[in-house]
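Here is a short briefing to read alongside the model. Keep the viewer open and follow along topic by topic.

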Amino acid sequence: MQRRSLVAAALALACVAALAAVPLPVSAHVNDVRADPQVSADGTVLVETAYVADDAWLALYSDDGGERGEVIGTRQLGDAGFRTDLAVRIDEGAWRDWSEGEARTVHVALHNDKGSSGFDREEDPVLTFFGREATDQFTLEHGQGAYVGTRAFSPQDTDGPSVTVRTARLPSDGHLVARNVTNASEGNETALEPVGSTALAAGTHQDVTVELDAAYYERQDTRARIGLTVYRDDGDGRFGPGDEPVRAGDAAVTTFVFLNRTDASGGAGGESAGGGESSASDGAAVTTPGATDGTDGEGGGLVTTATAESTTAPGTTADGDTATKSTDGQPGFGVLTAALAVVAVLAAGGRRRRT
């Protein structure tokens, strides 16, 4: 009986590993959402990444003592996929009561779409993945727009000292600054030294390349984590100690990205040692324009399918913000092999006990 239990458990593990190890429909992927500190001039929030396994709703909530309070904005996600820089408008009434210069905590959650006539908080429960709710929270300030977004489903491959930022919005002339956070302690991620910067004019920029310090880059192994922060220039046009980060309340307008060095030992050939910001996938993808009728607010979203090489192309929403929708590849067969090995070991152990 004990042997049967062990083998049954191992077989269950192998099945889970098999599902994770082979290419599957999007419905097999995780539900996950991420948003970072930002400043909005008109109540439009940019949710940096959202991955849904089926039709879903994205909802914004006010903060109520650290918990989700009233619903202050929603957007329907028409089908499964991975989206970036997803624009969601805060309800007019809620934004009218938001004073300029005021910063608040906003919660964001992905909800199931049960197919009713609209979003219903009770009928459309929050999506989960292995028991964890697909939610996040961030600081939002009412003021001149400031945002930076570059998280992705997988680490960003690079074969040289640079990082590409998908979207950067500055309230005034300033800089987009890369900081080394590979070995930073929790809560101190933006405090380490700058390792690259590029000057940008006020406004919204897409596909910005930030050159990294070559010595810093060469010290990294196959994986490095970088923080990217928007700074105001002090008037001399050069990044230096006099420049201050743009803040939403007390939080710097910052996002984070993993870099995967393809030119480092062990990193060539696209072999990566772990997942990205919100995924366990190392699958590469090529992005091609997706069709849209303009009725779902997605604008010219993009659809990505798995392939051998990685290419990215920008899209735009009706609000003029970048938006990408994709379905990325799944991990390789290493996990499956390990799980099957567990099955063999446990089965052998059961036979030894029986004999």
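The largest nonpolar core of this predicted model has 25 residues, and Leu176, Leu212, Ile226 and Leu228 have the most contacts inside it. A nonpolar core here is a set of buried Ala, Val, Leu, Ile, Met, Phe, Trp, Tyr and Cys residues joined through side-chain atoms within 4.5 Å. Buried means under 20% relative accessible area, exposed over 50%, and partly exposed in between, using a 1.4 Å probe and protein chains only.

**The cores**

**Gln38, a buried polar residue**
- Gln38 sits in strand E2 (residues 38–40) and is buried, at a relative accessible area of 2%.
- Its side chain reaches the backbone nitrogen of Leu46 at 2.9 Å, and a polar atom of that side chain lies 3.2 Å from the backbone oxygen of Asp36.
- Such polar contacts are pairs of N or O atoms within 3.5 Å; within protein, one must be able to donate a hydrogen and the other to accept it, and residues adjacent in sequence count only if both atoms are side-chain atoms.
- Among the residues that Gln38 touches, beyond four places in sequence, are Phe138, Leu140, Tyr147 and Val253.

**Aromatic rings**
- The structure holds seven aromatic pairs: rings of Phe, Tyr and Trp (its six-membered ring) pair if their centres lie within 6.5 Å, with planes under 30 degrees apart counted as stacked, over 60 as edge-to-face and the rest as tilted.
- Phe82 and Phe153 pair edge-to-face, 5.7 Å centre to centre with 65° between the planes.
- Phe82 lies in strand E6 (residues 81–89) and Phe153 in the loop between strand E11 (147–149) and strand E12 (156–158), so this pair ties together parts 71 residues apart in sequence.
- Ring pairs join Tyr51, Phe82 and Phe153 into a cluster.

**How to read the values**
- Residues are numbered from 1 along each chain as its sequence is written, and side-chain values use heavy atoms, leaving out hydrogens and water.
- Because the model is predicted, local features need pLDDT of at least 70 and side-chain atom pairs count only at pLDDT 80 or more, while totals for chains, interfaces and linings use all residues.

Conventions: Helix = DSSP H or I, 4+ residues; strand = E, 2+ residues; numbered from the N terminus. Contact = heavy atoms within 4.5 Å.
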